[in-house]
Amino acid sequence: MPSRPFDLAVVGAGICGLAHALAAARRGKRVVVVDRDAQANGASIRNFGFITVTGQQEGECWQRAMRSRDIWVEVADRAGIPVLQRGLLTIARRPAARRVLEEFLETEMGRECRLVEPGNLGTYGDGLRSESFAGALYSPHEVRVESREAIPKLAAYLAEQLDVTFLRETVVHAATPPRLETSRGPVEAEAVVVCPGDDFHTLHPERIAAYGLTRCKLHMLRVWPRRFDERLPALMSDLGLVRYLGYAERPAAKALKQQLEAEQGEHLGNGVHLIVVRSADGSLVVGDSHHYAPTPDPFAPEGVDALILDEYAHILEGPAPEVTERWIGTYASAPDRLMLIDRPSDALRIVLITSGTGASTSFAIAEEVIGELYG
Ligand SMILES: Cc1cc2nc3c(=O)[nH]c(=O)nc-3n(C[C@H](O)[C@H](O)[C@H](O)COP(=O)(O)OP(=O)(O)OC[C@H]3O[C@@H](n4cnc5c(N)ncnc54)[C@H](O)[C@@H]3O)c2cc1C
């Protein structure tokens, strides 16, 4: 255990904790990150590695996603994290979905995006079922990294280049500055940021309980497509337009939702929407679904995966892809907010991403929190 005191202790080595370590270390602070696991194992390595801008809720969330995307690009370069894809094609299978995209384009968020006619989709790559689409929206903003490699590389960059200390396999039992009580002894730190992911019970449970949180379970798949054009950006479709608030809050989304309820009620009932991103080896990460419970069951019924693959088949040509890997992930979910910053004292912050946006917004949130702590 390090005997020297730190300026900042961060609990949690997911993207949220690492983002806080980065923001503080860049200000010259001596930082320690403490995590109970030997290696990254939470939501941060189970996600798509999809830094989503277009579709995030208008206002703060969208602005944070823009800022975080810039930091991702900069840090990926320094940390040797490959950016595997850029941009996003949101496919409108239905005219009602196209109307949502048209309304989106009229907002500030649509500035650098464009509507693509089905006949022009070949410009972005082959293999889409373009003839059955009503249109698509192209966004240049997104980047995609392979989370299971990116998160360890980000941690290594922080340790090697920015002198951040990591204490792994170390459970934090109490976090009240200037001291952490851990399973391996005390750690002294002037300030503390707790980024516990979806663990609501270990640290400051009474503070976290006030937010009425639950958990969300998601199904994810890795598939081998028979063919997939490497030029294609990340893909989404109609089901995402009623889930991602940047689209879902457009007036036209109401009619789309009614149509989807009639035509794809089972998909909506399981919170299924489609994201398809490509990995370096040519496989695709495809998902996902959303089931909410304080303790989600650990089971992954095949029927839910079938709904995800059904939507995939409406977007991409060719025979059904071979599924090579399946996993579930969980994240914190709040009834009324996408993230929360709790402030028990001047030197203590509890930061939870309470929606599926942490990969896309944590860097910006961390800059704000560290700015608050250090002025
Ligand atoms: C399947 C899936 C798909 C997703 N897709 C996207 C996406 O496309 N785009 C996007 O932006 N976001 C996405 N998300 C959401 C995003 O992954 C999360 O918001 C984000 O990873 C949360 O990061 P975190 O650091 O808060 O939590 P985590 O990654 O869960 O990390 C929390 C860490 O805290 C540690 N910890 C907790 N308590 C203690 C303690 N007392 N002592 C020591 N260590 C402790 C845990 O061991 C863990 O390592 C997705 C999430 C999932 C699950």
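Start by selecting Arg-144, Glu-146, Arg-148, Arg-222 and Glu-325: these residues are joined in a network of salt bridges. A salt bridge here means a side-chain nitrogen of Lys or Arg within 4 Å of a carboxyl oxygen of Asp or Glu. Across the whole structure, a search turns up 31 salt bridges.

Before you click on: this is a predicted model, where local features need pLDDT of at least 70, side-chain atom pairs count only at pLDDT 80 or more, and totals for chains, interfaces and linings use all residues. Residues are numbered from 1 along each chain as its sequence is written, and side-chain values use heavy atoms, with hydrogens and water left out.

Next, pick Asp-238 and Arg-94, whose side chains form a salt bridge (2.9 Å, N to O). Asp-238 sits in helix α7 (residues 238-241) and Arg-94 in the loop between β4 (85-92) and α4 (95-105), so this pair ties together parts 144 residues apart in sequence. Helices (H or I, at least four residues) and strands (E, at least two) are DSSP runs, numbered from the N terminus. Both Asp-238 and Arg-94 are buried. Buried is under 20% relative accessible area, exposed is over 50%, and partly exposed is in between (1.4 Å probe, protein chains only).

Now go to Glu-117 and Arg-98, another salt bridge (2.9 Å, N to O). Glu-117 is in the loop between β5 (114-116) and β6 (135-144), and Arg-98 is in helix α4, 19 residues apart. Glu-117 is partly exposed at 35% relative accessible area, while Arg-98 is buried at 18%.

Last stop: Glu-188 and Arg-179, with a side-chain salt bridge (2.9 Å, N to O). Glu-188 is partly exposed, at 32% relative accessibility, and Arg-179 is partly exposed, at 35%.
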